Structure formats: C-alpha cells, structure tokens
Amino acid sequence: MANKQEDPAVTNFREYLRIPSVHPDVDYDACVSFLKKQSESLGLSYKIYYAVPKKPIFVMTWEGKEPKLPTILLNSHMDVVPVFPEKWIHPPFAAEKDENGNIYARGAQDMKCVGIQYLEAIRRLKKNGIQLLRTVHLSFNPDEEIGGRDGLAKFVHMQEFRDLNVGFALDEGMASTGDHFILFPGERSIWQIHVHCPGQPGHGSLLPSNTAGEKLRVVIDKFMDFRQREKSRLESNSNLKIGDVTTINLTVVKGGVQTNVIPAEMVACFDVRLACDVDHDKFENMIKSWCAEAGSDVRIEFEQKNPKIEVTKTDDSSPWWVAFKRECDAMGLKLSKEIFPGGTDGRYIRYVGIPAFGFSPMNNTPVLLHDNDEFLNESIFLRGIEIYCKLIPGVANVAA
C-alpha cells in the first residue's frame, strides 16, 4: 500500500507495474484501460492502432505550436518478460516498496518506468503552462520482448505511422551502475541462425562416414572459435564495451531419436549480434564457407536477420544531439555513449531513417532487466521525471 506521503507519480508507476502484461499470451486490455485513463487525466488525445489483431499500439498526442513540423516520438513498450515468482523476495507484480524506497516488480526497469516518466514529465510541463514547438507523440507498443514483429516492426511501415510525421525519437536504454547515464545511439544487428547438418544415419555401434555429428562438430568449432577471438578482443581492450564486438552464443542443439541411433540430421542454433562496423555480406560469406567446410549439404536458415542500420549521429551535424547534449550539460549529467548490446524497438525506428536515442534515466542502479528481483528506487524514478522535464522540451523546441 502506498503511504499518504507517496508522490502521486510513484503511485501511478506502481499501478502500471501491477498490470501483469507478461509473456506468453499477453492480454493488453488492462494496459489499454490504464493508458486511456492517463490520456484523460492529461487532456491528451489518443488513437489505438493494430498491425495485427489483439496487439494494440497506443499513441497519445500533445499538439505543439507548429503541428506541421516533424514530430517527437517518445516510445515505450507495455509487455514484460516471464518471471519465476519463487525466486523473488516480493511478488513480481505486487510493486511492493521496501523501507529504502526500492520498488520491486517486473518492468520496473524494463521499461514501464520510462513510459510513466514520459507521462509524468508532460503532466508537470502542462501544469506549468508550457507549450512546445513540435508535436509530441507517446507510443506504447506490444511484443517488444519477443522481437516486436507484431508491433513496431510492422507499424513503422504503415501509413498511420507515416502520418505521425516523426522526426526524432527517444526509446529505452539501460541502467548505469555508476554516477553517469548511458546514451545508446545505435545497436547491433541480430542474426539468429539455424545450421542444418544432414548426414548418414545408422547404428550407434558403427563408424559410418559423413555423419551429422561430424559436420556439427566442425560447425560448432568454427562459430565458437570466432566467439573466443571476439571475447579475447573485448577483454584485452579496456576501451571496448560489449556492444562494440560481435557476440556469438550456441543456444540450441537439436537432433536424434535415441542413444544408439545415428541421426539423419542435427541442427545447431546460434544467437549472433553483429557489431555496427561488420560488413554483413562478408560475415555471411564467412559462415557459408564454414558450412561448406563441414559438408557440401550443410545449410543455414535464418530465424532472424536484421539489416545493417545506421547509428544515429552524435555530432554537431545533428540538431537533436546538440539539443539533447545541451540539456544534459545544463543539468550536470555525465553521459557515456555506447552501442546497445541487445535489441530494442529503436532499431525499427532507425530502419525507416528516423534518428533515435536509447535512454533510460537510471544511474547508481544495478542492471536487473530480465533478472529476478527487478527493482527501481523511487528517488531514481522521480529524478528521471525531472530529467525528462528538460529533455522533452529540449528536443521538441528544436527550430525548423
């Protein structure tokens, strides 16, 4: 229960956290009802779009003085990843707050905090009679945690999105364990690869040639040797972050029916995150050469294959960066620029040519996204609202 002294923004945040919009089979109705209530309390219009049925994309709009100018998009997602309640010290959808002000809930960091911080910053700005030059849209998307394929990935290609006339976007980032804040102007390309290794089946007591297992060994060795080279490069250079290198992980191995039967096919699945400086064609050709070395009939299948997407500029050529940095400097915020190690909806925004920064105003906070006992301290949460009260006008008042 919230005490009488609790900031209404914190109470609002905890209410949102208590909605179990958790995978699999998310029911978004409660989120939509909550967001309708927020729209009404803020005096903002809203529209609900659907790229696919039952996957709502909720967009609130705060009209600016010059509504024909390219707009600002404040993007977030409603869904959260699964939980293991027995591993939590508090129920993961109770949004309990301890004596230190830590609010425990799935989504506390990823990323219901940011969605509410946008709303509460706009609430304060409107209360102070501020009107911005550019129109601001707040989007709340489905299914980001499972790749966003039925959410923003499709929505950015719809006429309804083009009609929003977005010129610049903010999306989620990640907590910083130090005093600084992390800005993510880009992210690596996700390739999820299934390597199929067919071979000669037979009895487990024999030594036939051309077996699936022999081919699988070559494939795994090639991928994992590359992984080790990138790991060594990261560990030997203190200037590199995880987002600066290509990561490879063997995540699934499939094949076989029983122990004494040599299978007709085995499959190795790899999660690959390509660094921003990697030539995609060269990398794919390298993988194909590994497969050819394992066997002429070894083939690759892509579960996901993100294109190369340009990193948003962070120099004086970008008015968005200039405005963002100016406001951070005025607040005394120390910024660290990094490439986001995972995947966010921001990649779909950048893919259609819109500059976007990933930024979650959480510092001095352990990184607990997708982890047990995910929490955010209420003081960090409230400080984030103050930060957005400066950042949102900063970018929304960029001159034509």
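Residues are numbered from 1 along each chain as its sequence is written, and side-chain values use heavy atoms, with hydrogens and water left out. As the model is predicted, local features need pLDDT of at least 70 and side-chain atom pairs count only at pLDDT 80 or more, while totals for chains, interfaces and linings use all residues.

The domain assignment divides the protein into domain 1 (8-187 + 311-397) and domain 2 (189-275 + 277-305); such bounds come from an automatic or database domain assignment. The C-alpha centres of domain 1 and domain 2 lie 36 Å apart. In the UniProt record, an unreviewed entry, residues 186-295 are listed as "domain: Peptidase M20 dimerisation"; positions are given in the numbering used here, feature names are shortened, and annotations may be inferred rather than shown by experiment. The span 186-295 is 36% helix and 32% strand, and its end C-alpha atoms lie 37 Å apart. Helices (H or I, at least four residues) and strands (E, at least two) are DSSP runs, numbered from the N terminus.

The size of an interface is often given as the accessible area lost when the parts come together. Between domain 1 and domain 2, about 560 Å² is buried, 51% of it on carbon and sulfur atoms; buried area is the accessible area (1.4 Å probe) that two parts lose on being put together, summed over both. In domain 1, the most area is lost to domain 2 by Glu338, Ile339 and Pro341, which together account for 52% of what that side buries. Nine residues of domain 1 contact eight residues of domain 2, contact meaning heavy atoms within 4.5 Å. One residue pair across the interface is in polar contact, both residues being at pLDDT 80 or more; a polar contact is a pair of N or O atoms within 3.5 Å, in which, within protein, one must be able to donate a hydrogen and the other to accept it, and residues adjacent in sequence count only if both atoms are side-chain atoms. On the domain 1 side, strand 15 (335-340) and helix 9 (346-351) are the elements that give two or more residues.

The number of salt bridges (side-chain nitrogen of Lys or Arg within 4 Å of a carboxyl oxygen of Asp or Glu) between domain 1 and domain 2 is zero, whereas the whole structure contains 20. Because Lys55 lies in the loop between strand 1 (45-50) and strand 2 (56-62) and Asp150 in the loop between strand 6 (136-141) and helix 4 (152-155), the pair ties together parts that are 95 residues apart in sequence.

Most residues other than glycine have a negative phi, and most peptide bonds are trans. A cis peptide bond, with omega about 0°, joins His23 and Pro24; Pro24 is in the loop between helix 1 (8-17) and helix 2 (29-42). The bond from Asp110 to Met111 is also cis, with omega near -20°, and Met111 is in the loop between strand 5 (102-104) and helix 3 (112-127). Ala95, not a glycine, has a positive phi of about 55°.
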